[in-house]
Amino acid sequence: MYANRLDNLPPYLFAQIDALKAEKRAQGVDVIDLGVGDPDLPTPSHIVDSLCEAARDPSTHHYPDYTGMIEYREAVAEWYNSRFGVSLNPKTEVLALIGSKEGIAHVPEAFVNPGDYVLATDPGYPVYKTSTLFSEGKLWEMPLKEENEFLPVFEDIPKDVVKKAKLMFFGYPNNPTAAVAPLSFFGEVVEFAKENDIVAVHDNAYSEITFDGYKAPSFLEADGAKEVGMEMHSLSKTYNMTGWRLGMACGGEELISGLGRVKTNVDSGAFDAIQRAGITALTSSQQCVADACSVYQERRDALVSGLRDLGFEVESPKATFYVWLKVSDSMGFAKKMLDEAGIVVTPGVGFGSNGDGYVRFAITRNIERIKEAIERMRSVDF
Ligand SMILES: Cc1ncc(COP(=O)(O)O)c(C=O)c1O
């Protein structure tokens, strides 16, 4: 019944976890879900108010502009300038997205011909892989290993693959490893992409979720980045707006225009009222972002110190709301956590074969629940 491209999709592990979770809940287990990468904190009220006001204005009720409201694109450009010192032309170098997932899902269609290689970090956000498959590109997984600080090693990619590579997906602060990348790494990406004619697509969804004074760079801060690539960004994680579906692609004019041409043919843009609320989010005080980061930092500290107390060796991440823990068997560990402690964590293998041997904890639950999870883990024989 289905097209081959559906049959070729990797099994969706997260759906399996959801089924197991539902089964446990049906048995009356009080499940602590540290699996989901979706903030439990509400969208700040000034942003909600802005949406309510905009939604009552009938001028927002029509088809939006395909590339996004110019005022939204200007707000994105201003934000990039003040946050990263990156200057963008809002008319040609910024495109509104219906969340960054949408941009990631569509971008290969603009640049990848059937049989071209797409390089993607592994473990990685699963949509890098599925969008490659949908565009009939060939996937080359770039392993992220602890000994390389979870950065890809370009020299390890076979020459014939590099020759046929058309696009590369990578993202730091990274989901799922929580690793961060220095700006010098983005410089290396620019060189590699330039040398080999590869479109570099950086996924910066977590740039604002940082701790201990760390500030994550934008890929577009690297010299020459706009000539070779683009950055997918989003309001989802920064302002707890995952359900709103608003993001942006920023980069060189020709590249942004290619993605825009795909989008014009498949969607009709983000609701104007949501874009207006997005403008409010980007142009108002950013105190709400700092406040959310303090909450996550406190949770991170509770989880990391709890895990260390239980005898695990674990890095304290500088960014993202994830903790990436090395275990002997990721599926076995996750299953044990659910069966014996009623805790959901995500097996690393769900993010790619190189994620095997790890599990991901999401600190998107309140600190009491995180502390309770640690207490429950004390009675599990790992
Ligand atoms: C690494 C990464 N990129 C992109 C996204 C997509 O986010 P959104 O479509 O809400 O902007 C996510 C969501 O979990 C993510 O983890």
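Predicted model: local features only at pLDDT ≥ 70, side-chain atom pairs only at ≥ 80, totals over all residues.
Biologist: Which elements give two or more residues to the side of domain 1 that touches domain 2?

Modeller: Look for α1 (4–7), α12 (287–309), β9 (322–326) and β12 (358–362). The element that gives the most is α12, with seven residues. Sorted by class, this side of domain 1 has 17 nonpolar, 10 polar and six charged residues.

Biologist: And salt bridges: how many does the rule find across the interface?

Modeller: A salt bridge needs a Lys or Arg side-chain nitrogen within 4 Å of an Asp or Glu carboxyl oxygen. By that rule, three span the interface of domain 1 and domain 2.

Biologist: Where does the chain divide into its domains?

Modeller: Domain 1 takes in two stretches, 4–41 and 287–378, while domain 2 covers 45–285. Over C-alpha atoms, their centres lie 25 Å apart.

Biologist: What area do the two domains bury between them?

Modeller: About 3,000 Å², with 62% of it on carbon and sulfur atoms. On the domain 1 side, K318, T320 and N354 supply 20% of the area buried against domain 2, more than any other three residues. In terms of contacts, 33 residues of domain 1 meet 36 residues of domain 2.

Technical notes
Residues numbered from 1 in each chain as written. Heavy atoms only, no water. Domains from an automatic or database assignment. Contact = heavy atoms within 4.5 Å. Buried area = accessible area lost by both parts, 1.4 Å probe. Helix = DSSP H or I, 4+ residues; strand = E, 2+ residues; numbered from the N terminus. Nonpolar A, V, L, I, M, F, W, Y, C, P; charged D, E, K, R; others polar.
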